[in-house]
Amino acid sequence: MLTKKQIELLEFIHKRMMRDGVPPSFDEMKVALDLRSKSGIHRLVTALEERGFIRRLPHRARALEIIKLPESLAAATAKKPEGFSPKVIDGNPDARGTGGRTPAQPAIHAMELPVMGRIAAGVPIEAISEISHHVAVPGSMLSGQKSHYALEVRGDSMIDAGINDGDIVVIREQDAVENGDIVVALVEGQEATLKYYRRKGAMIALEAANPAYETRILPEEQVKVQGRLVGLLRSY
């Protein structure tokens, strides 16, 4: 049995990971739950971990993994996003007479997205718009009728946001974003980078999630947002 605060925190973490692909920071959790200090968040996270609902990944900042949801919360978030028809990718292509699955293996609802090349999570690299390959993405990462695409991350400037070198990020195409969103930004029409977006008047700050990298502040006409991070795929 979880307490009300534990359920609230688990729901907040789940929603943020579904939206951004990375868990919220402890400061964001504290604000969301209206707690006075992060020590309360630490206690809630520890309790959820002890009960088997989440797992902390070692040696990674902000690295949390949701293992399961309580039945009430799982039922409330089970509704499929509107606006697209997911392609069903069978789990075992060699299985015969079972629609490509063994009898006990459920279908995995996913869509294939084009991987448009590499995106710099560090010093911006030349923008790449050619499709290198495709990747299967869970339908739960996609929302609305907007187009989506994927990029391979190169660099470590977003490591404190849980985004590592070699990760595949899922991007929803949109140019309207909010302060604090992680976006793909095209700089001066030539360089693409993955950073936090913050508007400061007529200037745009592209902020890293690694203290080793400086924030770049540019005139708004030099920055074109090409999408917002909505998911992340990682191979171990």
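Arg16 is found in helix 1, which spans residues 4-20. The model is predicted: local features need pLDDT of at least 70, side-chain atom pairs count only at pLDDT 80 or more, and totals for chains, interfaces and linings use all residues. Residues are numbered from 1 along each chain as its sequence is written, and side-chain values use heavy atoms, with hydrogens and water left out. Helices (H or I, at least four residues) and strands (E, at least two) are DSSP runs, numbered from the N terminus.

**Helix 1**

- Arg16 is buried, as its relative accessible area is 15%; buried means under 20%, exposed over 50% and partly exposed in between, with a 1.4 Å probe and protein chains only.
- The side chains of Arg16 and Glu28 make a polar contact at 3.4 Å; such a contact is a pair of N or O atoms within 3.5 Å, and within protein one must be able to donate a hydrogen and the other to accept it, while residues adjacent in sequence count only if both atoms are side-chain atoms.
- Met18 also lies in helix 1, and its relative accessibility of 31% makes it partly exposed.
- The C-alpha atoms of Met18 and Val230 are 6.9 Å apart, although 212 residues separate the two along the chain.

**Strand 13 and its partners**

- Strand 13 covers residues 223-233, and nine of its 11 residues are buried.
- Strand 8 (residues 168-172) runs antiparallel to strand 13 and is joined to it by five bridges; two strands pair if DSSP finds at least two bridges between them.
- Within strand 13, Leu232 is the bridge partner of Val169.
- Strand 9 (residues 182-187) is also antiparallel to strand 13, with five bridges, and Val184 has Gly227 of strand 13 as its bridge partner.
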